[in-house]
Amino acid sequence: MKAVQFSEYGGPEVLKVVEVDEPHTGPGQVRIAVRAAGVNPAEWKIRAGYFQEFMPVEFPAGVGFEAAGIVDEIGEGVTGVAVGDAVFGHGSSTVAEYAVLTYWAHKPDDMPFDVAGGLSVASETAIRALNYVGTKAGETVLICGAAGGVGSAAIQIARARGITVIGTASAAKHDYLAELGATPTSYEPGLADRVKALAPHGVDAALDLAGAGIIPELIEITGDASRVISIVDFTAPEQGAQFSPTPQEHPERALQEAANLFSEGALKLRVEKTFPMAQIVEAQALSAEGHVTGKLVITVS
Ligand SMILES: NC(=O)c1ccc[n+]([C@@H]2O[C@H](COP(=O)([O-])OP(=O)(O)OC[C@H]3O[C@@H](n4cnc5c(N)ncnc54)[C@H](OP(=O)(O)O)[C@@H]3O)[C@@H](O)[C@H]2O)c1
């Protein structure tokens with residue numbers, strides 16, 4: 001099968017479409033014929049070698065952590081899914097014609113494959129971050145880095161839970177944040193003052209999805225470090241805030257919640273651009289610029 005791999009750390013040009021053996025399921029896994037796979041910033045960071053000290057890759061390495069497609073092989077012990085079902089979920093080396101998923105949910109019939117391919121990481125991460133800071137209906141949450149994949153999902157999921165959202169993005173994306181249900185503001189210096197004007201009764205919790213060094217300001221804004229989480233800044237715990245690097249308990253429940261919200265019309269995913277597998281270099285280069293709105297997605301078949 002065709003798959004994207006890289007055999008050394010480096011720029012996007014180290015990414016190649018190659019012929020490799022098809023993967024097969026282990027216990028608790030399903031294999032899909034991939035239709036679409038989301039592009040996540042972690043992929044270019046891993047490829048560039050930024051994580052090699054604590055997460056070294058074995059070369060040749062595959063690319064991709066999420067995909068949607070049609071189940072064609074079912075691992076030992078798996079129930080509730082059949083060959084031929086359309087699913088989306090988390091896996092590894094998903095930018096390929098076939099990929100193994102470790103957890104998944106059924107794709108709603110009316111969810112396009114490109115949306116499904118890019119939904120898993122954004123929705124699971126958004127739900128995890130909102131849960132970890134204990135947000136609940138009637139509260140206000142500040143989401144920093146609100147226009148990307150995770151932020152777009154977090155705004156809508158928070159709104160569906162009855163939470164008021166203030167989101168940060170560059171000025172050109174303020175209408176986009178407002179469409180999703182957030183009150184937009186910029187991420188320029190002076191955030192605390194702007195937020196005070198937008199939320200005179202205060203902000204209960206904050207998500208740092210951009211890693212732009214604003215945890216002290218978020219702690220000041222919320223007045224409670226335990227209700228501040230970063231998914232990017234490894235130093236968050238040293239500053240008293242939370243850090244969450246990976247999916248935790250029952251991520252498949254988050255995927256099901258995302259599928260349900262999509263079916264209810266409460267969660268949409270803007271796919272900024274799709275690329276064929278052969279354009280993985282362009283896709284990762286655009287992701288690395290750091291200004292994606294919604295998601296970039298690789299379409300496979
Ligand atoms: N720990 C985990 O489990 C986990 C899971 C998923 C993702 N992540 C990480 O979380 C981050 C976000 O992921 P993503 O998929 O949402 O990324 P993304 O889609 O690439 O996010 C891009 C967005 O970031 C915004 N941005 C850039 N600089 C900013 C700043 N200084 N302040 C606020 N917003 C800023 C951009 O808005 P403008 O264009 O308006 O600047 C853009 O819309 C990435 O670093 C990713 O690696 C971690």
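This is a predicted model: local features need pLDDT of at least 70, side-chain atom pairs count only at pLDDT 80 or more; totals for chains, interfaces and linings use all residues.

**Entry: the three-strand sheet.** I began with an open sheet of three strands, in the order β2-β1-β4 with antiparallel pairing. I noted β2 (16-19) and β4 (61-62) as the edge strands, since each of them pairs on one side only. Then I followed strand β1 (residues 2-6) over to β4: two bridges join them, and they run antiparallel. For one place to look, I picked Gln-5, which stands opposite Gly-62 in β4.

Entry: How many bridges join strand β3 to strand β5? I found six, between residues 30-39 of β3 and residues 66-74 of β5, and the two strands run antiparallel. Val-30 has Ile-74 in β5 as its bridge partner. I then went from β5 to strand β6 (residues 86-92), and this pair is antiparallel too, with five bridges. There I can point to Gly-69, which stands opposite Val-87 in β6.

Entry: Cys-144 stands opposite Thr-168 in β9. A reminder to myself: strands of a sheet pair through backbone hydrogen bonds, either parallel or antiparallel.

**Entry: the whole chain.** I stepped back and listed eight helices and 15 strands for the chain. Along the principal axes, the C-alpha atoms fill a box of roughly 55 × 40 × 35 Å. I wanted to know how the radius of gyration fits: a compact globule of 301 residues would have one near 19 Å, and the chain has 19 Å, so the two agree. Of the 301 residues, 48% count as buried. I also looked at contacts with a separation of 6 or more, and 66% of those in the chain are between residues 24 or more positions apart.

**Entry: two domains.** I wrote down the division of the chain: domain 1 is 2-107 + 270-299, and domain 2 is 124-243. Their C-alpha centres lie 28 Å apart. Five residues from domain 1 and six residues from domain 2 make the contact. On the domain 1 side, I sorted the residues by class and got one nonpolar, two polar and two charged.

**Entry: around the ligand.** Where does the ligand lie relative to the two domains? Both domain 1 and domain 2 give residues to the shell around the ligand, so it lies between them. I noted 31 residues around the ligand, and the ones that come nearest are Ala-147, Gly-148, Ser-170, Ala-212 and His-291. By class, the shell divides into 15 nonpolar, 15 polar and one charged. Which helix gives the most to the shell? I found α3, with three residues. The helices α1 (41-48), α2 (113-132) and α3 (149-160) each supply at least two residues of the shell.

Notes. Residues are numbered from 1 along each chain as its sequence is written. Domain bounds come from an automatic or database domain assignment. Two residues are in contact if their C-beta atoms, placed from the backbone, lie within 7 Å. Ala, Val, Leu, Ile, Met, Phe, Trp, Tyr, Cys and Pro count as nonpolar, Asp, Glu, Lys and Arg as charged, and the others, Gly among them, as polar. A residue is near a molecule or strand if its C-beta atom, placed from the backbone, lies within 6 Å of it. Helices (H or I, at least four residues) and strands (E, at least two) are DSSP runs, numbered from the N terminus. The radius of gyration is taken over C-alpha atoms; the globule rule is 2.2 Å times the number of residues to the power 0.38. A residue is buried if 20 or more other C-beta atoms lie within 10 Å of its own, exposed if 12 or fewer, and partly exposed in between; C-beta atoms are placed from the backbone. Two strands pair if DSSP finds at least two bridges between them.
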